[in-house]
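Here is a short briefing to keep beside the viewer while you look around.

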Amino acid sequence: TSISTLQPEFAWSGPNNASAYRFSLSDSAGRTLKRFTTHSSGWQVSGPSLLKYGNAYRWQVETSLDSGETLSAAGSFRVLGKPGATAIAAARPGPR
């Protein structure tokens, strides 16, 4: 999956009995860029960006149930190079 923004939003859903979620974001070399525990069902990269144009990343979110079972989901994405991301932004309708 390729994206054009340096501030993507991550969203997830889980079972009703999930009390907290552990989220992690790492670069292609496996270095952890962000790791935290939250009670919410999403997070958006903001402020000074963790992400760089043209780089690949991996994310994971997991939760533990009262039964002790751990549920997780993971994925990867690449931020387009700056020329491609700029071209997509320019083609979007609406105010810039």
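**Overall fold**

The protein has 1 helix and 7 strands as its secondary structure. This is a predicted model, and its pLDDT averages 91, with 98% of the residues scoring at least 70. Along the sequence the elements follow the pattern β-β-β-β-β-β-β-α.

- The C-alpha trace spans about 50 × 35 × 25 Å along its principal axes.
- Of the 96 residues, 28% count as buried.
- Take the contacts between residues at least 6 apart in sequence: 56% of them join residues at least 24 apart.

**Confidence**

- Confidence is highest in β3, at a mean of 97.
- The lowest value belongs to helix α1 (residues 82-91), with a mean of 88.

**Nonpolar core**

- The largest nonpolar core holds 16 residues. Those with the most contacts inside this core are Phe10, Phe23, Leu25, Trp43, Leu51 and Phe77.
- Two or more core residues come from each of β3 (21-27), β6 (56-64) and β7 (70-79).
- β3 supplies the largest share of the core, with 3 residues.
- Setting aside residues up to four places away in sequence, Phe77 touches Thr1, Ile3, Phe10, Leu25, Leu51, Asn55, Ala56, Tyr57 and Trp59.

**Largest pocket**

- The largest pocket contains about 170 Å³ of space.
- Its lining is made of 14 residues, and the closest to the pocket centre are Trp12, Ser13, Trp59, Val61 and Ala73.
- β2 (9-11), β6 and β7 are the elements that give two or more residues to the lining.
- β6 gives the most to this lining, with 4 residues.
- By residue class, the lining divides into 9 nonpolar, 4 polar and 1 charged.

**Leu65: a buried loop residue**

- Leu65 sits in the loop between β6 and β7.
- Leu65 counts as buried because its relative accessible area is 14%, and the cut-off for buried is under 20%.
- Beyond its neighbours within four places in sequence, Leu65 is in contact with Pro15, Asn17 and Leu71.
- Leu65 and Ala90 are 25 residues apart along the chain, and their C-alpha atoms are separated by 45 Å.

**Asn16: an exposed loop residue**

- You will find Asn16 in the loop between β2 and β3.
- Asn16 has a relative accessibility of 83%, so this residue counts as exposed; that class begins over 50%.
- Between the C-alpha atoms of Asn16 and Arg31, which lie 15 residues apart along the chain, the separation is 32 Å.

**Gly84: a partly exposed helix residue**

- Gly84 belongs to helix α1, the element where confidence is lowest.
- With a relative accessible area of 30%, Gly84 is partly exposed, a class that lies between the buried and exposed cut-offs.

Definitions and conventions: Residues are numbered from 1 along each chain as its sequence is written. This is a predicted model: local features need pLDDT of at least 70, side-chain atom pairs count only at pLDDT 80 or more; totals for chains, interfaces and linings use all residues. Side-chain values use heavy atoms; hydrogens and water are left out. A nonpolar core is a set of buried Ala, Val, Leu, Ile, Met, Phe, Trp, Tyr and Cys residues joined through side-chain atoms within 4.5 Å. Buried means under 20% relative accessible area, exposed over 50%, partly exposed in between (1.4 Å probe, protein chains only). Contact means heavy atoms within 4.5 Å. On a 1 Å grid over the protein atoms alone, a cavity is a set of points where a 1.4 Å probe fits but cannot get out, and a pocket is an open set with protein on both sides within 12 Å along at least five of seven lines; lining residues have an atom within 4 Å of a point. Grid points are joined across faces, edges and corners, and a volume is the space filled by probe spheres set on the points. Ala, Val, Leu, Ile, Met, Phe, Trp, Tyr, Cys and Pro count as nonpolar, Asp, Glu, Lys and Arg as charged, and the others, Gly among them, as polar. pLDDT is the predictor's confidence in each residue, from 0 to 100.
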